[in-house]
Amino acid sequence: MAFMEKPPAGKVLLDDTAPLSAGIEASQSLHSHTEYIIRVQRGISIENSWQIVRRYSDFDLLNSSLQISGLSLPLPPKKLIGNMDREFIAERQKGLQNYLNVITTNHILSNCELVKKFLDPSNYSANYTEIALQQVSMFFRSEPKWEVVEPLRDIGWRIRKRYFLMKTKNQPKERLVLSWADLGPDKYLSDKDFQWIIRLLPSCLHPYIYRVTFATASESSALVIRTFNEKGTLKDLIYKAKPKDPFLKKYCNPKKIQGLELQQIKTFGRQILEALKFLHEKGFPYGHLHSSNVMLEGEMCQLLDLENSLLGLPSFYRSYFSQFRKINTLESVDVHCFGHLLYEMTYGRPPDSVPVDAFPPAPSEAVVAVLEALLSQEACKNGMPTVSRLLQMPLFSDVFLTSSEKPQFKIPTKLKEALKIAKESTEKRLIEEQKLIHQHRRLTRAKSHHGSEEERRKRKILARKKSKHSAFESSEDQTAKSSNSNNSAGSGASSPLTSPSSPTPPSTAGR
């Protein structure tokens, strides 16, 4: 597809962050191997599910590819003799199911291209690097001053976003990075407004937003060029990682887990909040805050990837905040994601799960106070504070910022209105998803409660009580009928005593 060509009509824009679950339904033995029939489901709807068939060798190949993560994954070992025995196959099926559970519940692994291709080959069969190269090459035909140095393979987590190291012909020693991304499910801007606002990105000047050198867009994708930073991102600093290494290698299994110094946490946190405050005041939807989207420029943190929300790409933490109905605006999403980032800066790793029940010891009680306001059960249930409220909290209120650069980002009024409508549409989809998840969770809890051992025991006891009560009532009814029949027999002489149920002859006294 040419760079300025429209996407095919009716193209399905998948939410790549929607979790995939996988359950092995059955196995079948063929001549020399066993196939496992797996039911894969996207999200919570059983209707959005499909079957795939995989051999052990497919699992083994996937596992080999995932070794770059450094994680010890529980793939059952190979067995050459006796691998067709029924008991062995049943035991192996359990092991493979456990393996699937581990990779689908790991936040980074579950979102990586390798796992998506394994579980959903029909939607993830494309070579996205090749597609991106074709698109970029089409662009360079009209912009010959740029030149691709090399693809930066797998440095990011997004499947439909690719990066290339660049240079210009007039400054060959300067290194730039080009990012190309396809559209996502939350792209609600018209094609005209979308291309307009993308081209405005280089005009955004703010000390805590990373500068865009060049940006352009078609109806189907966007291309953005920035200066390549050798230091890398905030996540690279925390994990002591090399920026050019693959995402799985850098972040899945850090060798040393160590948070930042308190002053860094305070300063970086304040700078990030100032950037968010600026974007919120401009009515510019962000929604993509995480430590890999924060560039380090000296002692300054600068936000990256403003284009993501315009493209309609889902957030890295969507599967977290979609669980909480009070986190339903892009502003509250930014604040909640700031909680994840602050936790990572403090403890050197992201939280295992959210909400967080108890926080480990931190460099300051002021850090814990902010984390509780963003990641605790109460916070997730009741809603997020505003960015302005966070800036007033003790952790950030005494931070002195030295930058004198005056922020500016002029967005025409007409475009502001279009952004507002697109933002509301994005929030509407989130709210609808949260509602469905809430309903599904309630139904699941009810079924689980109804099917629990304690509930079954209670129902048995209740059934026995009802049975005894019914038997007692039946006995009383029978006794009452017998008593009534005996009384009737005393007043009607022709009624035989041995037949209490026989009809009593009508009385002739009134005739």
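Reader: Which residues do ring pairs link into a cluster?

Author: This is a predicted model. A search of the whole structure finds 14 aromatic pairs. Some ring pairs join up into a cluster, and its members are Phe139, Phe140, Trp146 and Phe214.

Reader: How are the rings of Phe139 and Phe214 arranged: stacked, edge-to-face or tilted?

Author: A pair of aromatic rings is described by the distance of the centres and the angle of the planes. For Phe139 and Phe214 the centres are 5.5 Å apart and the planes stand at 35°. Planes under 30 degrees apart would count as stacked and over 60 as edge-to-face, so the pair of Phe139 and Phe214 is tilted.

Reader: How many residues apart in sequence are the parts that this pair ties together?

Author: Phe139 belongs to helix H5 (residues 128–140). Phe214 belongs to strand S7 (residues 214–217), so the parts tied together are separated in sequence by 75 residues.

Reader: Is Phe139 buried or exposed?

Author: The cut-off for buried is under 20% relative accessible area. Phe139 has 6% relative accessibility, so Phe139 counts as buried.

Reader: Where in the chain do Tyr343 and Phe359 lie, and how many residues apart are they?

Author: Tyr343 and Phe359 form a tilted aromatic pair, 6.3 Å centre to centre with 50° between the planes. Tyr343 is in helix H12 (residues 330–347), and Phe359 is in the loop between H12 and helix H13 (365–375). The pair links distant parts of the chain, and the separation is 16 residues.

Reader: Why does Phe359 count as buried?

Author: A residue is buried under 20% relative accessible area. Phe359 is buried because its relative accessible area is 17%.

Reader: Which ring does the charged end of Arg92 sit over?

Author: Two arginines can be described here. The charged end of Arg54 sits over the ring of Phe118, 5.0 Å from its centre. The charged end of Arg92 is 3.9 Å from the centre of the ring it sits over, that of Tyr56.

Reader: What are the edge strands of the open sheet formed by three strands?

Author: The order is S1-S2-S3, with antiparallel pairing. Nine bridges join S1 to strand S2 (residues 34–42). Each edge strand pairs on one side only, and these strands are S1 (20–29) and S3 (49–55).

Reader: Which helix lies across S1 and S2?

Author: Helix H1 (residues 56–66) lies across S2 and S3, at about 90° to S3. The helix across S1 and S2 covers residues 86–105 and runs at about 165° to S1: helix H2.

Note on methods. Residues numbered from 1 in each chain as written. Predicted model: local features only at pLDDT ≥ 70, side-chain atom pairs only at ≥ 80, totals over all residues. Heavy atoms only, no water. Pairing = 2+ DSSP bridges. Helix = DSSP H or I, 4+ residues; strand = E, 2+ residues; numbered from the N terminus. Contact = heavy atoms within 4.5 Å. Axes fitted to C-alpha atoms, helices over the stretch in contact; angles between N-to-C directions. Phe/Tyr/Trp six-rings, centres within 6.5 Å; stacked < 30°, edge-to-face > 60°. Buried < 20%, exposed > 50% of the residue type's maximum accessible area, 1.4 Å probe, protein only. Lys NZ or Arg CZ within 6 Å of the ring centre and 35° of its normal.
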